[in-house]
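Hello,

Here is the structure you will be taking over. My notes on its aromatic rings follow below it.

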Amino acid sequence: MRMETQGKVITCRAAVAWGAGEALVMEDVKVDPPQRLEVRLRILFTSICHTDLSAWKGENEAQQAYPRILGHEAAGIVESVGEGVEDMKAGDHVLPIFTGECGDCRVCKRDGANLCERFRVDPMKKVMVGDGKTRFFTSKDNKPIYHFLNTSTFSEYTVIDSACVVKVDPRFPLEKMSLLSCGVSTGVGAAWNVADIQPGSTVAIFGLGAVGLAVAEGARAKGASKIIGIDVNPDKFPLGREVGINEFINPKESDKTVHERVMEITEGGVEYSFECAGRIEALREAFLSTNSGVGVTVLLGVHASPQLLPIHPMELFQGRSITASVFGGFKPKTQLPLLFTQCLEGQLNLDLFISHQLPFSDINEAMQLLHQGKALRCLLRL
């Protein structure tokens with residue numbers, strides 16, 4: 001750790017988004033020191049998830065603010081801390097988390113809730129909470145570069161609110177732990193914390209990307225008796241088998257609707273369904289695939305479309321319910337350390353989720369691989 005950088009502006013490489021759908025530009029940027037209750041991190045590994053992809057494509061105009069540094073799934077080391085930060089120090093291994101935990105608000109103090117009132121995920125947020133300013137600037141003319149999702153990890157250095165940073169035991173390999181800063185935690189937590197899958201139950205998962213496969217991994221660990229995977233890309237099915245999926249449905253290969261096929265396979269519908277595709281049609285099918293009486297649908301997909309929930313209020317009187325999950329219901333600072341330990345003990349296989357490893361300079365290639373459905377997670381080494 002370069003101790004001489006503490007308290008000083010750092011110039012480093014970052015992949016900067018200058019416009020919707022434009023290739024990210026690798027360039028030098030200036031990163032200010034952390035202010036009160038902030039942490040400056042040296043990012044060692046980062047990867048791309050569909051939230052980054054959606055923001056990069058500019059699918060929601062309200063989220064657009066340029067120039068901007070995207071990225072939120074990563075792992076790194078603390079370079080320096082601002083005034084008042086007591087739970088970490090320079091040299092600590094950490095994960096940046098897109099939704100924070102202050103520990104003091106009514107949400108943080110309540111069991112079963114994880115959307116901190118002050119540091120919850122906010123796609124519109126582009127500056128720091130403390131002073132409403134950015135910590136990134138262009139190296140040539142010192143113009144501000146905006147933040148993204150509390151994290152901005154497509155940069156060798158980033159400044160994050162300490163409430164959005166979680167310490168990791170140095171025994172844990174950071175390249176694998178980075179997956180727990182978003183995708184894998186989101187899927188596993190949806191199965192464990194939000195749905196609370198019971199042993200012997202049946203599950204249907206719509207969309208077999210990294211989050212959907214993480215749901216399957218979580219469902220298998222909880223003892224689900226049947227896990228059905230639904231995706232239009234059959235190339236994902238072999239990996240699905242490795243995480244415990246034992247039935248597959250390709251909507252393109254059947255004259256029946258998906259929920260009709262699920263009803264046939266399970267003789268009445270699954271107890272739990274998970275929508276991980278970000279498509280309204282998939283959400284409707286996921287809801288109808290559950291058992292009338294005990295069915296629970298968990299929404300995980302990122303929906304950029306302005307379409308509303310495709311459910312009539314009276315359908316909820318049939319004994320089916322629907323909810324959504326952010327970061328798998330995990331409180332990041334207080335609950336993630338146990339998940340780290342469970343991974344170290346082999347309860348979850350993180351290796352399955354890393355489909356590609358590329359240098360940071362190839363970030364645009366990684367974007368395209370995910371966009372084309374050819375990658376689960378491209379791990380970028382900075």
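This is a predicted model: local features need pLDDT of at least 70, side-chain atom pairs count only at pLDDT 80 or more; totals for chains, interfaces and linings use all residues.

A second case involves R320, which lies over the face of F287 at 5.9 Å from the ring centre.

Next, the ring pairs. With a cut-off of 6.5 Å between ring centres, the count is four aromatic pairs. One of them is F98 with F327: the ring centres are 5.5 Å apart and the planes stand at 85°, so this pair is edge-to-face, given that angles over 60 degrees count as such.

Where do F98 and F327 lie? F98 is in the loop between β5 (93-96) and β6 (136-138), while F327 is in the loop between β15 (321-324) and α8 (332-344), so the pair ties together parts that are 229 residues apart in sequence.

Are F98 and F327 buried or exposed? Both F98 and F327 are buried. For F327 the relative accessible area is 1%, which is under the 20% limit for a buried residue.

F327 also pairs with F330. Their ring centres are 6.3 Å apart and their planes are at 65°, so the pair of F327 and F330 is edge-to-face as well. F330 has a relative accessibility of 5% and therefore counts as buried.

Taken together, F98, F327 and F330 are linked into a cluster by ring pairs. When you open the model, you could begin with F327, which is paired with F98 and with F330.

Regards

Conventions: Residues are numbered from 1 along each chain as its sequence is written. Side-chain values use heavy atoms; hydrogens and water are left out. Rings of Phe, Tyr and Trp (its six-membered ring) pair if their centres lie within 6.5 Å; planes under 30 degrees apart count as stacked, over 60 as edge-to-face and the rest as tilted. Helices (H or I, at least four residues) and strands (E, at least two) are DSSP runs, numbered from the N terminus. Buried means under 20% relative accessible area, exposed over 50%, partly exposed in between (1.4 Å probe, protein chains only). A charge sits over a ring if NZ of Lys or CZ of Arg is within 6 Å of the ring centre and within 35 degrees of the ring normal.
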